[in-house]
Number of protein chains: 2
Amino acid sequence: MPREQALKPSPRRRKQALAIAPVPINVGMLPNLLGYNVRRAQIALWRDLARSLGEVKVRPAEFSMMVLVDSNPGIAQIELANQLDVDKATIVGLVDQLQRQKWAVRKQSTVDRRRQGIYLTALGQRELRRLEQTMIEHEARFTRLFSSEELTQLFAYLRRIHP
Amino acid sequence: MPREQALKPSPRRRKQALAIAPVPINVGMLPNLLGYNVRRAQIALWRDLARSLGEVKVRPAEFSMMVLVDSNPGIAQIELANQLDVDKATIVGLVDQLQRQKWAVRKQSTVDRRRQGIYLTALGQRELRRLEQTMIEHEARFTRLFSSEELTQLFAYLRRIHP
């Protein structure tokens, strides 16, 4: 039962002889940690996505940002930071990156000239359509491991972790 | 139902007027992506852990490595890479980092002199005991969001994603 095991620290120290590590490896407390399993799941997902994306690599954070900018043309950097739960400096770096790739631009808002918004370029929109397609195929390779009920449950659990 | 929604691309482009982004933000396809939810959960977990660790910051990968080295004194870098599902270069960087902090050392194996193994120092072991305690408290803040049955299920789901 993960809960009980997760609360139990790994066994006290054995003598540290200079011996070869036993095979199979003793993985200690790791498999019973929620954080470890979430991170391993994230690594597996990221590896599959990176492979699927081919030449043009896009980090998950960049993809998320493109989706948000696409759905909210003129969105402010601070809104992106809030929405994606990352700090402003990270967002500025990501927008710079998208701008270098000519996928996004920063423009003054026509409604409030003190305000700068972010917009996808036509090139960025085309790229996002391609990415969305890749993303859908990538997602399907994992979601098909679950029944519809299980998937609903998994989503609910993950949202409980990130409220 | 996440599965159906995840497979549906975001609605086709609306006119991109230079207007302020609507509030609340339209999050497009993101909430229905498994990858997005796993990443958000990972960010929430990491933020809580970073806060709990206080002055001495340790990345999740470093912690995992220390647990493995502690449980397998003399483990080889390649075994760490395989076990943690990251590339060898990343492991070399992490071991360098632990060595700079005097938490770990690389030593020639007494059994096979061609082989170099990684060992925690006494300082590294003390640090790991402290980290484990922090980790257990950090984990509990999340695991208590779930019943024992739910937690068992969540672990099983996550392991299905990272086999």
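Trainee: Which residue does Asp85(B) meet in a salt bridge?
Mentor: In this predicted model, the side chain of Asp85(B) forms a salt bridge with that of Arg47(A), at 2.4 Å from N to O. Asp85(B) sits in the loop between helix H4 (77-84) and helix H5 (88-100) of chain B, while Arg47(A) belongs to helix H2 (residues 34-53) of chain A, so the pair joins two chains.

Trainee: And how exposed are Asp85(B) and Arg47(A)?
Mentor: Asp85(B) is partly exposed, with a relative accessible area of 23%, and Arg47(A) is likewise partly exposed, with a value of 36%.

Trainee: What about Glu150(A), which partner does its side chain meet in a salt bridge?
Mentor: That partner is Arg160(B), at 2.9 Å from N to O, and the pair crosses between chains, running from helix H7 of chain A to helix H7 (residues 148-161) of chain B. Glu150(A) counts as partly exposed at 22% relative accessibility, and Arg160(B) is partly exposed with a relative accessible area of 30%.

Trainee: Back to helix H2 of chain A, how far apart are Arg51(A) and Asp48(A) there?
Mentor: They are 3 residues apart in that helix, which means a separation of about one helical turn, and their side chains meet in a salt bridge at 3.9 Å, N to O.

Trainee: Is Asp48(A) buried or exposed?
Mentor: Asp48(A) is buried, with a relative accessible area of 9%, whereas Arg51(A) counts as exposed at 59% relative accessibility.

Trainee: How many salt bridges does the structure hold over all chains?
Mentor: The structure holds 18 of them over all chains.

Trainee: Switching to strands, in which sense do S1 and S2 of chain B pair?
Mentor: Strand S1 (residues 104-108) of chain B and S2(B) pair in the antiparallel sense, over 5 bridges, and within that arrangement Gln108(B) stands opposite Gln116(B) in S2(B). Strand S2 (residues 116-120) of chain B is mostly covered, since 4 of its 5 residues are buried.

Trainee: Where is confidence lowest in chain A?
Mentor: The lowest mean pLDDT is 41, in helix H1 (residues 2-6) of chain A, and the highest is 97, in helix H7 (residues 148-161) of chain A. Over residues 1-22 of chain A the pLDDT is below 50, although this stretch has 62 contacts in the model beyond near neighbours in sequence. Where pLDDT is low, the predicted coordinates should not be read in detail.

Trainee: What are the averages for chain A, and what ipTM does the complex get?
Mentor: Chain A averages a pLDDT of 84, with 86% of the residues scoring at least 70, and the predictor gives the complex an ipTM of 0.76 alongside a pTM of 0.75.

Conventions. Residues numbered from 1 in each chain as written. Chains lettered and ligands numbered in written order. Predicted model: local features only at pLDDT ≥ 70, side-chain atom pairs only at ≥ 80, totals over all residues. Heavy atoms only, no water. Buried < 20%, exposed > 50% of the residue type's maximum accessible area, 1.4 Å probe, protein only. Pairing = 2+ DSSP bridges. pLDDT = per-residue confidence, 0-100. Contact = heavy atoms within 4.5 Å. Salt bridge = Lys/Arg side-chain N within 4 Å of Asp/Glu carboxyl O.
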